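Please look over the sequence and the structure shown below before reading on. The report that follows takes up side-chain pairs, then strands, and then a helix.

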Amino acid sequence: MIDRRGFAGSVALGAVLASTRASAMTGFITPPDTVWTGGGVVGRAGGRLRYVTLGDKGTAPPLVLLHKLGGWVADWRDVAPALAKGRQVIAFDLPGHGASHWLGTPPAVQTVVETAGLLLGALQEMGLAQVDLAGTSLGGCVAVAMAAIAPERVRRLALPSCVLGPASTQEQVAAKEAGQASMFTPDGDPLPVDAEVARGVFGLINAERIGAEQNASRKQAGRWIRPHERGVAYTDFVSLMRRVSAPTLLLYGERDGFFLKYQAGAEAAFRDVRSIVMSGVSGFPVQDNPVDTARAIDRFLA
């Protein structure tokens, strides 16, 4: 996911990831999926969205959790229990990720607004008129689009570690993908990435576990990763953020070397925003620092 400001850094990151992907620090782990107490699937436009739930319906609006690019619902498993007190928590696998399956070949571009529409339709079918949203990475981008196009449906918006900037050109996206050539097969399937690279770029504390989980979830998402990534790159988030009326929380980790550069632009674009840089926290706060992340989101939603 890139914008003009982060374009050069994204190309360089792709080259570093590619050069180290096959080292001894590369692994695969499928995490346990036992924290959730319910769930189901909702059919949408040629596919199905899988969701899982935790907690009982309370007086507060449900909290919808959206995972990172190449992730799955399990990314939120250590945060969700702390947030499912007096409210229901619902986590979705985004299209093509986890157990959310679509028929046919993935499109060249899966737009953020298209994914937002699928989720808004699913929530309407589930009878949920208004929700709180929390999304990280791709999930945060989709959450911003949902809040922008259907403001009456989103009460509050929490965004840990998101790339939110202006749109990129086709030439920029093509150059960025060329720099990531060794991260994918020629057919677009993702290849495993070394955990030490993520530790260096995002300041991860639990790099081996998170890296191995991410390799597994990226493998599951397969050829859907690049279409979603292109959808983010082609989106003008500055325009979308200006349309969001919901109170918004931006969360960043002090140890992060990637997402923090988008903080100032996001702070300037949102109408009602508060921003927190968490001390000693990495760029993957949902998975790496779930206690601090859950505490910050819970306080914001109260």
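In this predicted model, the side chains of E213 and R209 meet in a salt bridge, with N and O 3.4 Å apart; a salt bridge here is a side-chain nitrogen of Lys or Arg within 4 Å of a carboxyl oxygen of Asp or Glu. Because E213 and R209 are 4 residues apart in helix α7, about one helical turn separates them. Helices (H or I, at least four residues) and strands (E, at least two) are DSSP runs, numbered from the N terminus. R209 counts as partly exposed at 28% relative accessibility, whereas E213 is buried, with a relative accessible area of 3%; buried means under 20% relative accessible area, exposed over 50%, and partly exposed in between, with a 1.4 Å probe and protein chains only. Salt bridges that share partners join R77, R209 and E213 into one network.

Residues are numbered from 1 along each chain as its sequence is written, and side-chain values use heavy atoms, with hydrogens and water left out. As this is a predicted model, local features need pLDDT of at least 70 and side-chain atom pairs count only at pLDDT 80 or more, while totals for chains, interfaces and linings use all residues.

By the salt-bridge rule the count comes to 14, and the table gives some of these pairs.

| Salt bridge | Closest N and O atoms |
|---|---|
| R77 and E213 | 2.7 Å |
| D132 and R87 | 3.1 Å |

R77 is buried, with a relative accessible area of 12%.

D132 forms a salt bridge with R87. D132 lies in strand β5 (residues 131–135) and R87 in the loop between α2 and β4 (89–92), so the pair ties together parts that are 45 residues apart in sequence. D132 is buried at a relative accessible area of 0%, and R87 also counts as buried, at 6% relative accessibility.

Turning to the strands, two strands pair if DSSP finds at least two bridges between them. Strand β1 (residues 38–44) and strand β2 (residues 47–54) run antiparallel and are joined by 7 bridges, with V52 in β2 as the bridge partner of G39. β1 and β2 form a hairpin with 2 residues between them, and A45 in the turn has a positive phi of about 40°.

Strand β7 (residues 248–253) pairs with strand β8 (residues 273–278) in the parallel sense over 6 bridges, and T248 stands opposite V273 in β8.

In helix α6 (residues 195–202), the buried residues are A195, V197, A198, V201 and F202. They cover an arc of only 155° around the axis, taken from the directions from the helix axis to the C-beta atoms, which puts them on the same side of α6. Just after α6, G203 takes a positive phi of about 70°.
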